[in-house]
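Please look through the sequence and the model below before reading on.

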Amino acid sequence: MRMNFGFSEEQEELRKMVKRFLDEKSPETEVRRLMATDEGYDPAVWRQMADELALQGLGIPEQYGGQGYGPVELYVVFEEMGAALLCSPYFSTVALAANAVMLVGSEEDRATYLPDIASGDTIATLALTDDAGLWDLASTSTTATKTAAGWIINGVRNYVTDGQVASIVFVPAMTAAGLSLFAVDPTVPGVERTALPTMDQTRKQSRISLTDAPARLLGVDGAAFAGLQTTAQIAVAALAAEQVGGAQRVLNNAVEYAKSRVQFGRPIGSFQAIKHKCADMLLDVESAKSAAYYAAWAAQERNDELPIAASLAKSFCSEAYFHCAAENIQIHGGIGFTWEHHAHLYFKRAKSSELFLGDPAYHRELLAQYLGI
């Protein structure tokens, strides 16, 4: 099938709508306010995202209360959210949890969980890593056992995005049959949630300890690996879109400052060193867009190119965003290093996003495996 890197008129209208909303709801002042809270998001804005924009259900099929769109439309949303540094459990609920239910769960599971996710009534997350912090699903140390009363889980899930506010946590665990996926109510006995200190305060993380915690099996026992692997790949493509949005925003900020900041009687953007920095940033951003668009297209088509496209996008977009965020600070000079300036907020998000869902070295290794190198 032919690949189209352009966006339709409807997709561009979606972009404009989301951007207008985020300009109003996620200015820098609000980002800083929410960073300082334990919850890390505004419930009223979350409600508006669901009721007025239907964003939580954008990628969920219509039969489960969603809008029935795909990863390309979600790409547009994630790109704008990355640009605005939105503090919200949207990524964990939509990119991770909803996809896990759709790809691993049975028809009954999808009918049970997806409508409440689509309506915004449920905040959910997928606890992908254990205490070792590895993204390799096959190496999970969390186990699940079936008892007369039902399934119970034991283990630790670490670096769980939005784990402290999720009303349901989907947990991969090993059973006698293999890797399986379970739904856990984090408020029941046997589940302990601990908020983790993070460099990037715009994306909260938790450590979740499970001790004989009651759980509900999704899908078929021992058959979750393929679905969770695809879930991770689609989420990686979504994260690449976030990174592109952030990289574009810091490039815009750097160029705007270079035009307005005057030294020695002329704008600093007229100096060759600053020109070169901005040119390199532009090259990074445009190349990152191509990689991320490719990953979004592959996720939409759900074809054999998805593993390659996702890892390619994650490895390149991670380094491009981090480079642009660092250069933005350099172009701003001394003021860019201060707590009061927004440049460091993007720098920290760039660094955390670089590590989230696997760093560039990890994804280059996956690429080598996929390509048989």
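Which helices each supply at least two residues of the lining of the largest cavity? They are α4 (71–84) and α5 (90–104), where helices are DSSP runs of H or I of at least four residues, numbered from the N terminus. The model is predicted, so that local features need pLDDT of at least 70 and side-chain atom pairs count only at pLDDT 80 or more, while totals for chains, interfaces and linings use all residues. Residues are numbered from 1 along each chain as its sequence is written, and side-chain values use heavy atoms, with hydrogens and water left out.

A cavity is a set of points, on a 1 Å grid over the protein atoms alone, where a 1.4 Å probe fits but cannot get out, and its lining residues have an atom within 4 Å of a point. The largest cavity has a volume of about 120 Å³, volume being the space filled by probe spheres set on the points. Of its 14 lining residues, those closest to the centre are L86, S88, R203, E242 and R349.

The second largest cavity holds about 90 Å³, and L34, D42, V45, L86 and C87 are the closest to its centre among 14 lining residues. Here α2 (28–35) and α3 (43–51) each supply at least two residues of the lining.

Elsewhere, helix α7 (residues 225–260) packs against helix α8 (residues 272–301) at about 155 degrees, with axes 9 Å apart; the axes are lines fitted to C-alpha atoms over the stretch in contact, and angles run from 0 to 180 degrees between N-to-C directions. The two helices are therefore roughly antiparallel, a term for angles over 145 degrees.

Key
Parallel < 35°, antiparallel > 145°, perpendicular 65-115°, else oblique. 1 Å grid on protein atoms, 1.4 Å probe; cavity = no way out; pocket = protein on both sides within 12 Å on 5 of 7 lines; lining within 4 Å.
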